[in-house]
Amino acid sequence: MNDETSPQANFDVLVVGAGIAGLYLLYRLRAAGLRVRVLEAASGVGGTWFWNRYPGARCDVDSMHYSYSFDDSLQQEWKWTERFSSQPEILNYLNHVADRYELRRNIQLETRVRSAAYDESAGLWRVETEEGETLSATFCVMATGCLSAANKPNIAGLDGFAGEVYHTANWPPEGVDFSGRRVGIIGTGSTAVQVIPIVAAQAAQLFVFQRTANYVIPARNHPLGEGEERETKAHYDEIRAFSKTTPGNFHFAPNPVSALATTPAERDEIYEAAWLAGGGQFMATFGDLPFSPEANKTAQDFVRAKIHQIVDDPDVARRLCPDTMIGCKRLSLGTDYYETYNRSNVELVDVSETPIGEITATGPRVGDKVYAIDALVLATGFDAMTGSLLRIDIRGRSGRPLADKWSAGPRTYLGLMTSGFPNLFTVSGPGSPSVLSNMMPTIEQHVEWITDCISYLRDQGKREIDADLDYENAWVEEVNDAARKTLRYTCSSWYLGANIPGKPRVFMPYIGGVPAYNKRCAEVVAAGYEGFRTRSVD
Ligand code: FAD
Ligand code: NAP
């Protein structure tokens, strides 16, 4: 970068976060000849897969597809052992990537970024860390994660609980042995669905505090057969290219047929096949499940019938049956999830009508009853998409805080930049497909776009880029329009910020599909970064 970089800057680019996004950013930016430093709060790389060490944590996209594609030798040489790999295996993979490409020398661990401010006159970002360091760079990329700001629920008395409290997103690396203990788990989202069966098998007693029942499809995880692996590796490029044509960057496409165009018997046969195959494909059985309430209801009814078949106690089964659309949140995959409620040491505590009033020293109180426990697990999710960004004091032109600009919800152009915050990029930012997709290839697309953009600026002798407000406003409208066409818009979830009290209710990710999104990003570039304003070196 040299000539184009402010002489005062320590680096060309500062990247915050060393997860899947931060690692690949470092690889690409360094290859482009840029001086880069990655700042990471954790004591290791891996992001999501560093923090979420709770028992049962594994991916929900087949590992052979939830993996980097940028280097064919990497994807050919790496050996996944299971269909959906466990957290330790994914973390090993990301550590392997860090070692293989010698990334560690530019990563500063145990460094939490507290603030980032744009110094307009110097044309650089000044970044302050909690450890008291100040660093500067021409560009700053927030690779801080969509699901990385843990949500600790605001329940009275939590801090006065006499037992141990664990949040799934900050699990002790040494693990926790629940043998012989009384445990409470708050939450029944994707995380809880993975934790509950494992803790149930260990603990003397498990109380599950459920506020909203969840649809859970069997994962059908299994060791990866050699034939399966060989077949995928032989066709990796085709499969990856095909994935980019599907709405969610998955290796399967939704069946274009309407659920309503089939007879009930045909439909059930298709749902049954997807149930037996396991995995997220269940939502792809019919193309109109995310759009038509009547179509969606057919899938809901199928899963509710399964719950009643699996769970012995009809009252427990009834309480486990969700009354929302299926696919409100990303579909949860489980192993023996509903079966777990047949165990004599597991009790489902419905807190939908009577919430947990407080956590007493001995355990949660619901109504008049106190559930005495030794340990409490918070599987209570995240302040998603904006949380990790807004927990940093980010200031753009004229010192304007990002929190102020986003007070009514996030506003971005393509989920890549937000107007008034020049040279600041976000990976998987609000307004991009991010959490609605297989995030690995989606992250790769963002990283490549950002790296190419910075290289373009260098080659053109430009030092500053900012999103044009008119284009940003138009994009926000498009993101909202796309959302309004789907049932997800009508259903309370973290996509809408509904899980965080006081958070603006805005559908944050772009739901118009990966192909439309990628096409738009490519067109913007082809038109000379249309909708962005660039400024040359003075
Ligand atoms: P992250 O992995 O979240 O990394 C962000 C990093 O930034 C973290 O290490 C964090 O410590 C760091 N950071 C944040 N703020 C600061 C700060 N102020 N200063 C310094 N460092 C900071 N997606 C899928 O597509 N398939 C899956 O199967 C899947 N499974 C998931 C399972 C779980 C339990 C969770 C929580 C998410 C899952 N996701 C899945 C989504 C997952 O988050 C992404 O796939 C991906 O890992 C995100 O990578 P990232 O690098 O963008 O962010
Ligand atoms: P989540 O979906 O937000 O679930 C949090 C759970 O905690 C919900 O059941 C929520 O109830 C409950 N909760 C929160 N505060 C509560 C309170 N005060 N009292 C009672 N209940 C409370 O979070 P998550 O399970 O961590 O999953 C988040 C996302 O991460 C997923 O959607 C998925 O994208 C990803 N993920 C993927 C996998 C995987 O399979 N690979 C695993 C884990 C996570 P309400 O629903 O009523 O708010």
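By class, the shell around ligand 2 in this predicted model holds nine nonpolar, nine polar and five charged residues, where Ala, Val, Leu, Ile, Met, Phe, Trp, Tyr, Cys and Pro count as nonpolar, Asp, Glu, Lys and Arg as charged, and the others, Gly among them, as polar. Of the 23 residues around ligand 2, those that come nearest are Arg58, Thr188, Thr191, Arg211 and Thr212, a residue being near a molecule if one of its heavy atoms lies within 4 Å of it. Helix α5 (residues 190-202) contributes the largest share of this shell, three residues; helices here are DSSP runs (H or I, at least four residues), numbered from the N terminus.

Around ligand 1 there are 33 residues, of which Glu40, Thr48, Asp60, Tyr66 and Met439 come nearest. This shell divides by class into 18 nonpolar, eleven polar and four charged residues. Helices α1, α2 (48-51) and α13 each supply at least two residues of the shell around ligand 1, and α2 gives the most, with three residues.

The table lists polar contacts of both ligands, each a pair of N or O atoms within 3.5 Å.

| Residue and its atom | Ligand atom | Distance |
|---|---|---|
| threonine 188, backbone N or O | ligand 2, oxygen | 2.9 Å |
| alanine 379, polar backbone atom | ligand 2, oxygen | 3.3 Å |
| tryptophan 494, side-chain N or O | ligand 2, oxygen | 3.1 Å |
| threonine 48, backbone N or O | ligand 1, oxygen | 2.7 Å |
| valine 113, backbone N or O | ligand 1, nitrogen | 2.8 Å |
| methionine 439, backbone N or O | ligand 1, oxygen | 2.8 Å |

Of the 980 Å² of accessible area that ligand 1 has on its own, the protein covers 95%, with areas taken from the Shrake-Rupley method with a 1.4 Å probe.

Two packed helices are described by the angle between their axes and the distance between the axes. The axes of helix α1 (residues 20-31) and helix α13 (residues 439-459) come within 9 Å and cross at roughly 35°, the axes being lines fitted to C-alpha atoms over the stretch in contact, with angles that run from 0 to 180 degrees between N-to-C directions. On the α1 side, the contact (heavy atoms within 4.5 Å) is made by residues including Ile20, Tyr24 and Leu29, while on the α13 side Met440, Val447 and Ile454 are among them. The residues of this contact divide into ten nonpolar, one polar and four charged.

Residues are numbered from 1 along each chain as its sequence is written, and chains are lettered from A and ligands numbered from 1 in the order in which they are written. In this predicted model local features need pLDDT of at least 70, side-chain atom pairs count only at pLDDT 80 or more, and totals for chains, interfaces and linings use all residues, while side-chain values use heavy atoms, with hydrogens and water left out.

How values were computed: A polar contact is a pair of N or O atoms within 3.5 Å; within protein, one must be able to donate a hydrogen and the other to accept it, and residues adjacent in sequence count only if both atoms are side-chain atoms.
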